[in-house]
Amino acid sequence: MDDRRTDRKRSDLAVLTAWWRTRGGDGFLALPPPTRSRYTQSDGHEDAAELRARRGLAGPVSFAYWHWQSHERAFDRSGALQGELLLHWGGDHAAVAAGLGEGPAGFRLVDDGPGSAFRLDRITLRDAAGLPDPADAAGVRQFLAALDEPLERTADAVRRRPLSDAEAAWLHARLDDLPDLAAAARFALPLERRDALTPDEADRLLHAWREEYGGPSAQWAGWRELLRALLRHDHPEAWETVAALGAPAASVMAAVPSERALETARSLALAGGPGTASAWLALHRELREPDPVRAAAALAADLAAHDAPEAALRGLYAALVGSLTRAWRRETGAGPLAGRSHAGLVAVRLTTEERLPRALRVLAALDARDRVEHVREAALGTGSAAPAVPADPDGALAAIGRYEAVRDGLLSGAGPDLTASESVLGDEWDRYRTLTDADVRWLRERVADPATGLQGLGFCLELLYAHGLAGPAEVEALLPRRTKDLAKKYPTTYTEWRHPLVTLTCLALDLGHPAADRLVSWWDGARPVWKGELRLLTHLGAPDEAKAAALWDFVTSPAHDVGQLMTWVLLRARLDGEHPLLVADRLLGTPGLSPYVLHRVLIGVADPAQPLWHYAVDPRSRGWWRRALEVAEHPDLSPEARAIGRETAREHCLVRYPDQVSPAPTEAERAAAREWIARHADA
């Protein structure tokens, strides 16, 4: 009893940490509680390997740990447990289960089997009806989580068990108390997910929502369910709420079909609202044309007639693939993993679907480019995606043949979505190591298009410049925009391209363009402050020894490097007429230079026609993998430089965690990577 009173005075984190220190034994390691450096499961496995080596342990060793993401989700700032703590593990599952035991007093440890993490949570009490005490925060949380647990997940919906009369009454009572709006969402969600919010509850929640946020806002966690209830009950203020929310409301409208919902979704999609095309297609199929291909063709024609943004058409294509894939899953009973693989076959087939306009077939060809070899492996039975083997392998192979016959014609002059996230757009970077005439035309058109934003300009202009294909036309196209958006801050820390005004300045200097002096003067000015750290990157344009010296002074100083060493290496190579790899190689071991930065520059300059400006190796990037191999195998580099290439390759996800590589590798690519590592194991 005294021990329990002591535990109540300590935080949950302190109690669990004290228990955790008692874990461990022969063949089992309990890793120390995490810091921010152990952010993922991969980090946990690396920590386990380091601890095992540090302790000199031989033979099989099992281990358990939690990482920082789980820590932040599980504990609040005071150390109170606010959700389940996931305990990840490695080695033998039975040994881990035995090493962890039953958990500390007052807590329960749930073992979900060899394919899952262990779950640690508080032990709570329920009454005879299975209901928690409303004052028991942990009990309420667990009860609501149990209500949210699906009975079945299908391609179209999640099915949850019905509420008992006692459960429904308990939830309605919580809403009758009308606690703060954040708390109200927790009880409104399980009700409306079973069509159980009453008109009165919906009305009261709507007014509380407006009062707290000054109007409808998607910041409140329960807004989707409330909007659904308002539409379902034909509340007089439902459409006013839809108008206030805009594009985010589209998916909710699709769940409550009506003619007004269809027209509203159409208007949002024509304006390019994100995520609206899927709702528009779903509503059009429900109320007009059930066939997804014919429906998508009709909507594409509507988009073209109204000169809708490119994002709208891309959204429509994604909605079409999703619709066809879900239909296949319904017919076959296949799961999500097989569905993702089948979507590749859908993309391949859509490239030759004559009912679709060319614009949609072009998007299908772009999509199929990364998927076709997976489809081929599945059809031939040579891949690892057994659940996704087509029911008609010969038909799948025939579809591949038809795709390959039209591929080049469709892809000519097509390119990625320049408004996508930097990580998605970065996946496209390696495709452009070699530029076709059609690629060059597309890049130049995007640079000249006033609608292309800073991210797109950075991407396209960098490619043209690095390949030596940018010219006066690009300068003239961009200069009128310089005082408007080109002078805005655009963080490029995590991209392979520089700020477009850096690249434009380099280009103007190389060309001796009359605007070069004005651009340099702008960089030399004090405002805006953000440009200060990027100014020296412009020295790559029209390089000379004075610029090289200024860069060298910087890179050998303690100042933070955001591309200056890369710039110096490329500049020095231009001045000396040699490959930048040789320049970087000679720097290895130079006092004052960060080995971390220099090693990444070495990999990054493997292809001077497309340098990788990002100073942290992206282990899921195909570009970094290929350049690491090129460095490792380069006959003119020092053994030290080649060793850096090999080490970079060994740490790449293609070898260690291939499911994280994007685009996803085929089984043949994975096998080739493993063979390369094995062949260089003793080098």
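A: The sheet is open and has 5 strands in the order β1-β2-β3-β5-β4, with mixed pairing. Strands (E, at least two residues) and helices (H or I, at least four) are DSSP runs, numbered from the N terminus, and two strands pair if DSSP finds at least two bridges between them. The edge strands are β1 (28–30) and β4, each of which pairs on one side only. From one strand to the next, the twist averages 20°; axes are lines fitted to C-alpha atoms, for helices over the stretch in contact, and angles between N-to-C directions run from 0 to 180 degrees.

This is a predicted model, in which local features need pLDDT of at least 70 and side-chain atom pairs count only at pLDDT 80 or more, while totals for chains, interfaces and linings use all residues. Residues are numbered from 1 along each chain as its sequence is written, and side-chain values use heavy atoms, with hydrogens and water left out.

The pairings can be taken along the sheet. Strand β2 (residues 62–65) runs antiparallel to β3 and is joined to β3 by 3 bridges. Within this pairing, Ala64 is set opposite Trp89 in β3. On to the next pair: strand β3 (residues 85–90) and strand β5 (residues 118–122) are also joined by 3 bridges and run antiparallel. Here Leu85 faces Leu120 of β5 as its opposite residue.

The pairing of β5 with strand β4 (residues 107–111) is antiparallel too and extends over 5 bridges. Asp121 in β5 is the bridge partner of Arg108. β4 and β5 form a hairpin with 6 residues between the strands, and in that hairpin Gly113 takes a positive phi near 100°.

The structure holds 15 aromatic pairs, where rings of Phe, Tyr and Trp (its six-membered ring) pair if their centres lie within 6.5 Å, and planes under 30 degrees apart count as stacked, over 60 as edge-to-face and the rest as tilted. One of the pairs is Phe143 with Trp170, which is edge-to-face at 5.0 Å centre to centre and 75° between the planes. Phe143 belongs to helix α6 (residues 137–148) and Trp170 to helix α7 (residues 165–177), so this pair ties together parts that are 27 residues apart in sequence.
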